[in-house]
Amino acid sequence: MKAMILAAGRGKRMMPLTETQPKPMLMINGKPLLEHHINNLRQAGVTDIVINLAWQGDKITEYFGDGSQFGVSITYSQEQAGGLETAGGIIQALPLLGEQFIVINGDVFTDYDVTSLMQLHLQAGEAHIVLVENPAHNPDGDFALSHLSPDSQKYTFSGISRYHADFFKGLSTGIRPLGPILREKLSEHQVSTELYLGQWDDIGTPARLDEINQRFAV
């Protein structure tokens, strides 16, 4: 099982912290956020990792190299300036990912164990996404649980998921957000969901980053 960590966003809301580095390189408890993801994946047995790059991507390659010093193998998917959005980045990287793969947003901080994702049995064209309780900055949520009505309580997409490559079949490369694709496929019953109640934070503002680091300082 391979995993892709999404690290190509510019992180405009994190300026000036991201003026000279990508958001996944911001430090949490003394390590870049991206390193926490890599460590968690390695501990779950996922050692073949793809990372997409755009804004300040050289900072990532300089720090992680081929991944060997972190016990993993890293392949990079370079994107155009400004990136390709989530789905666009995944579609470009499909030749590197194999038939089924895990995807994690590089700008979330979580203790979610991807072992459960590795044990799923997806059919061709299917996906599975992890939802979390709605944070203060997204009170209305994104998606209802797949076994409920679309009008039911909505939860927030965690940025953690697993896909069969055929989920993106027929979609052209280029700038393409993921949300509309997930909504369409949910309506076609090609997306399953779960609700995770453990640690999860979206590192979306400098204040949220400070708040997380303060937890470790206590």
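**Exercise 1: the largest cavity**

Work out which element gives the most to the lining of the largest cavity.

*Solution.*
- Start with the element itself: H1 comes out on top, with three residues. Helices here are DSSP runs of H or I with at least four residues, strands are runs of E with at least two, and both are numbered from the N terminus.
- Keep in mind that this is a predicted model, where local features need pLDDT of at least 70 and side-chain atom pairs count only at pLDDT 80 or more, while totals for chains, interfaces and linings use all residues. Residues are numbered from 1 along each chain as its sequence is written, and side-chain values use heavy atoms, with hydrogens and water left out.
- Next, list the lining: His37, Asn40, Leu41, Ile104, Thr110, Tyr112, Val114 and Ile160. On a 1 Å grid over the protein atoms alone, a cavity is a set of points where a 1.4 Å probe fits but cannot get out, and a lining residue has an atom within 4 Å of a point.
- Sort those residues by class, and you get five nonpolar, three polar and no charged. (Nonpolar covers Ala, Val, Leu, Ile, Met, Phe, Trp, Tyr, Cys and Pro; charged covers Asp, Glu, Lys and Arg; the others, Gly among them, are polar.)
- Finally, the size: the largest cavity holds about 60 Å³ of space, and the count of cavities of 30 Å³ or more comes to one. A volume is the space filled by probe spheres set on grid points, which are joined across faces, edges and corners.

**Exercise 2: H1 meets H2**

Describe how helix H1 and helix H2 cross.

*Solution.*
- Find H1 at residues 33-43 and H2 at residues 57-64; their axes come within 11 Å and cross at roughly 50°. The axes are lines fitted to C-alpha atoms over the stretch in contact, with angles from 0 to 180 degrees between N-to-C directions.
- That angle makes H1 oblique to H2, oblique being what is left after under 35 degrees (roughly parallel), over 145 (roughly antiparallel) and 65 to 115 (roughly perpendicular).
- Now the hand: the crossing is right-handed, meaning that the near helix is turned clockwise from the far one by less than a right angle.
- Who touches whom? Leu34, Glu35 and Ile38 of H1 make the contact with Ile60, Tyr63 and Phe64 of H2, where contact means heavy atoms within 4.5 Å.
- By class, this contact has five nonpolar residues, no polar ones and one charged.

**Exercise 3: the largest pocket**

Which residues are closest to the centre of the largest pocket?

*Solution.*
- The space in the largest pocket is about 970 Å³. A pocket is an open set of points with protein on both sides within 12 Å along at least five of seven lines.
- Of its 36 lining residues, Arg13, Glu85, Thr86, Asn105 and Asp107 are the closest to the centre.
- Helix H3 (85-97), strand E10 (154-164), helix H5 (179-187) and strand E12 (200-202) each give two or more residues. The largest share, four residues, comes from E10.
- The lining divides into 12 nonpolar, 14 polar and 10 charged residues.

**Exercise 4: a cis bond**

Locate the cis peptide bond that involves proline 16.

*Solution.*
- Look between methionine 15 and proline 16, where omega is about 5°.
- Proline 16 sits in the loop between strand E1 (2-6) and strand E2 (27-28).
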